[in-house]
Amino acid sequence: MNFVILCPICATKYTNRQDSCSNCGSSKGAIFVHPSLVKVVTLLIKLGVGVVDTGIKHCTTHQNKISIYLSGSVPEYLFTDLPSVWRIKDSNKLYCSDIDRIKVIKELEEWAMDKDPDGFKALLRLSGYDIGQ
Ligand SMILES: [Zn+2]
């Protein structure tokens with residue numbers, strides 16, 4: 001599995017081991033993202049939601065358990081309109097278990113694309129969430 005390495009602040013793709021981001025200069029630890037989650041993680045970062053890690057596990061039941069680990073505690077009320085298969089767990093994990101990985105990831109991408117980044121960031125800040133940007 002080749003993970004894609006992204007800057008956690010601006011979602012710029014790292015091409016090699018870098019100490020800091022060539023785009024925003026951040027030296028925060030890069031995140032390793034499963035290739036199928038790069039788009040949605042990038043969208044989440046643009047909304048101000050910090051991402052620290054991702055994981056996809058395949059089970060014998062053919063279910064894909066998809067986890068996107070978020071930084072800090074996100075205000076869960078901003079995620080009540082998530083696509084039905086997605087949940088926020090423990091205020092810091094976007095989680096889904098489904099057979100059709102492509103479809104559910106696309107649904108989450110569409111949810112994130114529907115949001116206005118500036119508006120969403122403002123709501124996160126109002127809730128006291130550290131968006132780190
Ligand atoms: Zn950056």
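Predicted model: local features only at pLDDT ≥ 70, side-chain atom pairs only at ≥ 80, totals over all residues.

- An open sheet is formed by four strands, which follow one another in the order E3-E4-E6-E5 with antiparallel pairing.
- Its edge strands are E3 and E5 (86-89), each of which pairs on one side only.
- From one strand to the next, the twist averages 20°.

**The hairpin of E3 and E4**
- Strand E3 (residues 51-58) runs antiparallel to strand E4 (residues 64-70), and seven bridges join the two.
- Along this pairing, Thr-54 stands opposite Ile-68, a residue of E4.
- Five residues lie between the strands of the hairpin, in which His-62 takes a positive phi near 70°.

**The surroundings of Val-4**
- Val-4 is placed in strand E1, which covers residues 4-6.
- Is Val-4 buried, exposed or partly exposed? Because 18 C-beta neighbours lie inside 10 Å of it, Val-4 counts as partly exposed, given that a buried residue needs 20 or more and an exposed one has 12 or fewer.
- Leaving aside residues up to four places away in sequence, Val-4 touches Lys-13, Val-33, Pro-35 and Val-38.
- Of these contacts, Pro-35 is 31 residues from Val-4 in sequence, while the C-alpha to C-alpha separation of the pair in space is 5.9 Å.

Definitions and conventions: Residues numbered from 1 in each chain as written. Pairing = 2+ DSSP bridges. Contact = placed C-beta atoms within 7 Å. Axes fitted to C-alpha atoms, helices over the stretch in contact; angles between N-to-C directions.
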